[in-house]
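Here's a quick briefing to read alongside the model. Have the sequence and the viewer open as you go.

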2 protein chains.
Amino acid sequence: MTDRPVRILILGGGFGGVYTALTLEKLLKREIRDRRVELGLISRDNYIVFQPMLPEVISGSIGILDTITPIRRLCPSTNLYTRTVDKIDLDRKRVSAAAGFGSRQCALEYDHLVIALGNVTSFAGQPGLAEYALPFKYLGDALALRNRIIHTLEEADIERDPEVYKTLLTFVVAGGGFSGVEAVAELNDFVRSAAKAFRNVKPAEIRVILLHAQALILPELPKSLAEFAQRLLMKRGVELRLNTRLHGATADAALLVGGERIPTRTLVSTVPSAPNPLVAALPVKKEKGRIIVGRHLELPDHPGVWAMGDCAWVIDARTGEPCPPTAQHATREAKCAAQNIAAAIRGGARREFSFTALGKMGSLGHHSAVAEIFGIKLSGFLAWWLWRTIYLMKLPGLDRKIRVATDWTLDLILPTDITQLKTGKPEGIRREYFEPNEIICRQGDRGDWLYVLVDGEVEVVKSVPGQGEVTLRKLRAGECFGEIALVSDQPRSATVRSLTSVNVLALDRDAFQALFSNLPPLRGFFEQLIEARLKGPGDRMA
Amino acid sequence: MTDRPVRILILGGGFGGVYTALTLEKLLKREIRDRRVELGLISRDNYIVFQPMLPEVISGSIGILDTITPIRRLCPSTNLYTRTVDKIDLDRKRVSAAAGFGSRQCALEYDHLVIALGNVTSFAGQPGLAEYALPFKYLGDALALRNRIIHTLEEADIERDPEVYKTLLTFVVAGGGFSGVEAVAELNDFVRSAAKAFRNVKPAEIRVILLHAQALILPELPKSLAEFAQRLLMKRGVELRLNTRLHGATADAALLVGGERIPTRTLVSTVPSAPNPLVAALPVKKEKGRIIVGRHLELPDHPGVWAMGDCAWVIDARTGEPCPPTAQHATREAKCAAQNIAAAIRGGARREFSFTALGKMGSLGHHSAVAEIFGIKLSGFLAWWLWRTIYLMKLPGLDRKIRVATDWTLDLILPTDITQLKTGKPEGIRREYFEPNEIICRQGDRGDWLYVLVDGEVEVVKSVPGQGEVTLRKLRAGECFGEIALVSDQPRSATVRSLTSVNVLALDRDAFQALFSNLPPLRGFFEQLIEARLKGPGDRMA
């Protein structure tokens, strides 16, 4: 026996990672206490999100902090590193994590490595989605969506332009799987109930639209349940757009494949998930981006390295089928891997992984749900009651169970909460995307942004009394516009319109002035540019 | 009688503004219904914050959303504009509000204007405070402080450097008035209770320090109560530094007048408040930055313009004394102004403002408080019980009362919540401040930021094996450093140290690369700079 403890390092704070730590703490209790085993877990957040309850954060029927459980309380004997993972080095058996305060990274060595990094949201390849679509995966996403909904209601309440008003009151969710359906159901309930507090918003003018690529939503469920869900959503006022795919987005529209535009300020996309970049960078065998593991959940060519959950390609030992990426499976895989790691350390037989899902459930909000449990199909109130009961039981931590049960009780008697919690400072730099023939900035508006053209072409036009619209100039990639309004504090003196698809980089007033006044080459460049443009044809520009 | 309604516009969503709207809704019920009067209120947020309960958000003993009440529910007949005010034009009787979605401002005209804009936090004149001190005024501030405390505990738990560990576990609050004392009491309770969940943090090593400029905290209260509060805080482990003023801050220290440094990563400053810039810009008579109003709360030279609360200089009609800036006074001033506005519209006698404060209370956390009510002094549990009862009664909205009462009940039985809710994206551009002889970036660290020197002087040094530390160059305002590590993705190859006080602008990797690759003059500049420095003396630099 060596002097130093066996080091087990777990990557990821989702169901896979946390349940591995939790199970190992139980199995290796004595070894951990005697410091013969050291358990570490790296997680971006110090809590685990209980995904099934995330949609209820939108409506505020569950308190913001009550769907999440602190990992430290679940795994008190594990060293938790609340950091992001920077790099995994399988050869040197070393993982580096990003810096905390200050800028020193931390490097951790391991004897056993557990990879449970899940997957990530990726909008790659769909123009404008990264800029304008709201993802729905983390707690922050649910909060951001809630705030967006309230913000659009606030704006609609004081908007006088009927077109803008309609756009503000249209809400689009893309993706009719479990996560999209639960999100659209909760969004629909929330927006219709919250709207009552707004004196100028007419509930009949609210549109909630679900886009789904196939002919029937909830492909994971039997047809009859999916049809029940469709009827129920439609009855509640959700418009279903089936056989419809999202192509992209602009600031004020969802763009469909085929060319149709749905004017909206709120587009939620639950569809795209991609492999975690850390997993993608690993030099190991993969199938569909997921790490191939053996029957004991260990990597075939890397003894001591284990993987599970959404980032692993696990074959069920009994059925021979690949396991689906669900929390149910991740939890069971975690327990199996933990047992095998304990066996590897203490000796003993390993276990092969096999698990049959108990069932599937989807909440439809407002006292209704669909469920298939042990092959029995349920829908409506009973399914909803089961949904709440089962998930309340599964929610990790007794204190959370009490808090959520209390939330649900209060929610029955209290009105919908409509406070908009603004956190996060405004961004100094952001990317924007425009389709051809859109207005990027408008003559007469207040100028708060400087734009750098990343690609595409725009024209600068000015409406001159008596002459109509005059084109001042065209601009191409690498050129910028909007600087005069930022420097002079006057309204935009011209309109800039996209001629092609256009990606721009926008800098706000503060960021611009900070850079402009402090970085000599930039100051010189803008001084010359402004001088040239002020002298240029047709008077000043935007 | 004219055709159009009389327009009353209220600026500010604090106690003054909201209670004016609320009282006017009652007094002018018929006129509003018949559209003879139109009521508008502009507020940055769509809720009113109940300040006395803000400290409890730190510890999570009150739910995040439960200390705030939606203004729409309190004032259902008022048009709420959830915007920031851009400009007040008293001559044209017009107010413009910032744009919502898109970039169109909105302009609102008024017949009666109510100015209740309060004051703002200002760190001007204290170096480093704007960059590093945490204010404590808004709900977002309380959340940010909570997250900072948890973040420092997370980092302390995995920190191996004893100096850094001590710095992380030191918490400093500046200002011993009500707000500072309540914040330090709650912070102290929270950090000591939360620390139990961290396996490597030793509670005895936590330091919580209160800085106060005078010899006794809580100058608003009688001496015996202030002394009680001091004893209690000290018993709970708060270090009191009396007759001590804060001079400034760096990223890892609070700087005191006289030169002492207290190493810390958490500095809360409750001291500085300054006039709202909108009020400062108004061409009206002021006293100590507050708008002078007549006995009816109307501006002497501007009939139809009213002011109240922290931004107004109100003389009590009975005592002849100026009114203190408290919520109690703002609420009563609001009611008086609303009555006088109603009288101005319908005719009737005006009322002069006079009010004697009922008392003062300060919570000390953990079942203790101090209070002086109708001249009677109370301290300890009874004062705490009164504090809770009175503030629960005053909390606007029945649903909030129920939620807070529930929160308090759960808090008695459930463990302290330690989840760190990260919202808000990382900033792309930020300002930083360094005292002379501090390290700005360190050789060997990961390079995530490009720095532009705004003022001051720095030296670039490199430790060379066998030669010790070699100075490569000195840099002055307008020069930048750190670009090579950003471009090459390698650790910093040199250390940069401040020679004087230094202000820098830091751009993160994403912001730098976006600008660098898209803005030709910047790209050219950096390409030349990097080439020159790579060729330069003593090999490459940071």
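How many of the 20 residues of α6(A) are buried? The count is 17, so α6(A) is largely enclosed by the rest of the structure; buried means that 20 or more other C-beta atoms, placed from the backbone, lie within 10 Å of a residue's own.

Some ground rules before the details. This is a predicted model, in which local features need pLDDT of at least 70 and side-chain atom pairs count only at pLDDT 80 or more, while totals for chains, interfaces and linings use all residues. Residues are numbered from 1 along each chain as its sequence is written, with chains lettered from A and ligands numbered from 1 in the order in which they are written.

**Chain A overall**
- Chain A has 16 helices and 34 strands, taken as DSSP runs numbered from the N terminus (helices are H or I with at least four residues, strands E with at least two).
- A compact globule of 542 residues would have a radius of gyration near 24 Å, and the 27 Å of chain A agrees; the radius is taken over C-alpha atoms, and the globule rule is 2.2 Å times the number of residues to the power 0.38.
- Along the principal axes, the C-alpha atoms of chain A fill a box of roughly 90 × 55 × 40 Å.
- Among contacts in chain A with a separation of 6 or more, 68% come from residues 24 or more positions apart; a contact means C-beta atoms, placed from the backbone, within 7 Å.

**Helix α6 of chain A**
- α6(A) covers residues 139-158 and reaches 30 Å from its first C-alpha to its last, close to the 28 Å expected; that expected span is 1.5 Å times one less than the number of residues.

- In chain A, 3 strands form an open antiparallel sheet in the order β6-β7-β8, where pairing takes at least two DSSP bridges between strands.
- β6 (85-89) and β8 (106-109) of chain A are at the edges with a single partner strand each, so one side of each has no neighbour in the sheet.
- β7 (residues 94-97) of chain A pairs with β8(A) over 4 bridges, and S96(A) sits opposite A107(A) in β8(A).

**Where the chains meet**
- 66 residues of chain B are in contact with 66 residues of chain A.
- α6(B) gives the most to the side of chain B that touches chain A, with 6 residues.

Technical notes
Two residues are in contact if their C-beta atoms, placed from the backbone, lie within 7 Å. A residue is buried if 20 or more other C-beta atoms lie within 10 Å of its own, exposed if 12 or fewer, and partly exposed in between; C-beta atoms are placed from the backbone.
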